Amino acid sequence: MGSSMDFRPIERASEAFQQSVTIEEIQGICRRIFGAGTRALSATELGAGMYNNTYRIELEGQERPVILRVAPEPARQFRSEHQLMRNEYASVPWLAVIAPLMPQVIAADWSHEVIGRDYMVQSLLDGVPAPDRLGDYPRTLWPMFFRQIGTIARDVHAVRGPHFGPVAGPAYGTWSQAVIASLEEIAADLDSVGLDGADLRKVAAVAERERAVLDEITEPRLLSGDLWTVNVMLDGAAPEPTITGVLDMDRTWWGDGPADWTIRMAMAKPDEREAFWESYGPPDRSPAAVWRSRIYEARHLGAIRLERHRLSNTDGVHESYSAMGTVLADLT
């Protein structure tokens, strides 16, 4: 039965981080979630994500396809990226503020009874990936897109939480504890793949010494973790950029809004993205906020280094060390 499915995985090297599931595993997942008589007619792997394996599944007897996302095998996951899919699932009740933009979770399975990996089945979002659509518009219209991103980020950051750290835990009582733990986890992950994490540990030591500045943040706010163009869907026919969906909210955590990846990207270039601040609100330029932003940048750079290593981007890994050196020089 499984062999008749039209299966289009992405071909990868055997040593690549992402590894596809099989036709038989996809059919087994569909039977688990939709019933014993269910059959997948086709499964096309989507290539935008760089962590989970994502498939567009067409099911016999159902008009609308669904999305299957499969997490990496547990042994492949870094400490700093432990059970990200479970973290996203735990985040759903807290993301009600943007529920109309998000895919609905049809089912999630952490049992590893069908396959030895976590997986989640979600509804298919309407629209076109923003990286494929935004460039069709004249740049004079791009500020509209970034103002919408600013509104989404503002709404997410307004959600108050019960603790600091990842939504699914571990929970920390102070912001400094959460930040330092995250820096140390990333450094340990760098060690595990043979990369030098000494610069990140120096940042952690600075954060420890000046933890009172971090602990000026006393109210945990929801951070999207990865909200930017690559994780946004646009209306394929609208005359101006119109966001219809937001996806891949697996890196959510509770903390200081400016620590979010979204804020880093909004500040990255003086171009159309400056419209982000028109809806989000002006950034805090106080000395304490600027100092904290350097700690946050070091954390981002550590995570970027890990991702570049995962993608075999040797030059990018090397560049992260010089960028981290600049941050350290500003901190010390």
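Helices (H or I, at least four residues) and strands (E, at least two) are DSSP runs, numbered from the N terminus. This is a predicted model: local features need pLDDT of at least 70, side-chain atom pairs count only at pLDDT 80 or more, and totals for chains, interfaces and linings use all residues. Residues are numbered from 1 along each chain as its sequence is written, and side-chain values use heavy atoms, with hydrogens and water left out.

**View A. Glutamate 272 sits in the loop between helix 8 (261-266) and helix 9 (276-280).**
Glutamate 272 has a relative accessible area of 17%, so this residue counts as buried. The classes are buried under 20% relative accessible area, exposed over 50% and partly exposed in between, with a 1.4 Å probe and protein chains only. Glutamate 272 touches Arg139, Trp142, Pro143 and Phe146, with residues up to four places away in sequence not counted. Contact means heavy atoms within 4.5 Å.

**View B. Glycine 150 lies in helix 4 (residues 142-157).**
Its relative accessibility is 0%, so glycine 150 is buried. Neighbours within four places in sequence aside, glycine 150 contacts Phe276, Ser279 and Tyr280. Glycine 257 is 107 residues from glycine 150 in sequence, and the two are 12 Å apart in space, C-alpha to C-alpha.

**View C. Helix 5 (residues 175-192) packs with helix 6 at about 165°.**
The two axes are 9 Å apart. Axes are lines fitted to C-alpha atoms, for helices over the stretch in contact, and angles run from 0 to 180 degrees between N-to-C directions. Helix 5 and helix 6 are therefore roughly antiparallel. Angles under 35 degrees count as roughly parallel, over 145 as roughly antiparallel, 65 to 115 as roughly perpendicular and the rest as oblique. Helix 5 passes helix 6 in a left-handed crossing, meaning that the near helix is turned anticlockwise from the far one by less than a right angle. Helix 5 contributes Ile180, Leu183, Glu184, Ile186, Ala187, Ala188, Leu190 and Asp191, which meet Leu200, Arg201, Val203, Ala204, Ala207 and Glu208 of helix 6. By class, this contact has 10 nonpolar, no polar and 4 charged residues. Ala, Val, Leu, Ile, Met, Phe, Trp, Tyr, Cys and Pro count as nonpolar, Asp, Glu, Lys and Arg as charged, and the others, Gly among them, as polar.

**View D. Helix 6 (residues 198-209) packs with helix 10 (residues 287-310) at about 155°.**
Their axes are 10 Å apart. That angle makes helix 6 roughly antiparallel to helix 10. Helix 6 passes helix 10 in a left-handed crossing. Asp199, Leu200, Val203, Val206 and Ala207 of helix 6 make the contact with Trp291, Ile295, Ala298, Gly302 and Arg305 of helix 10. The contact residues divide into 7 nonpolar, 1 polar and 2 charged.

At 1.5 Å a residue, the 24 residues of helix 10 should span 34 Å, and the end C-alpha atoms are 35 Å apart, which agrees. The expected span is 1.5 Å times one less than the number of residues.

**View F. A cis peptide bond joins glycine 169 and proline 170.**
Omega is about 5°. Proline 170 is in the loop between strand 8 (165-166) and helix 5.

**View G. Glutamine 83, not a glycine, has a positive phi of about 50°.**
Glutamine 83 is in the loop between strand 4 (66-70) and helix 2 (84-91). Its relative accessible area is 29%, so glutamine 83 is partly exposed.
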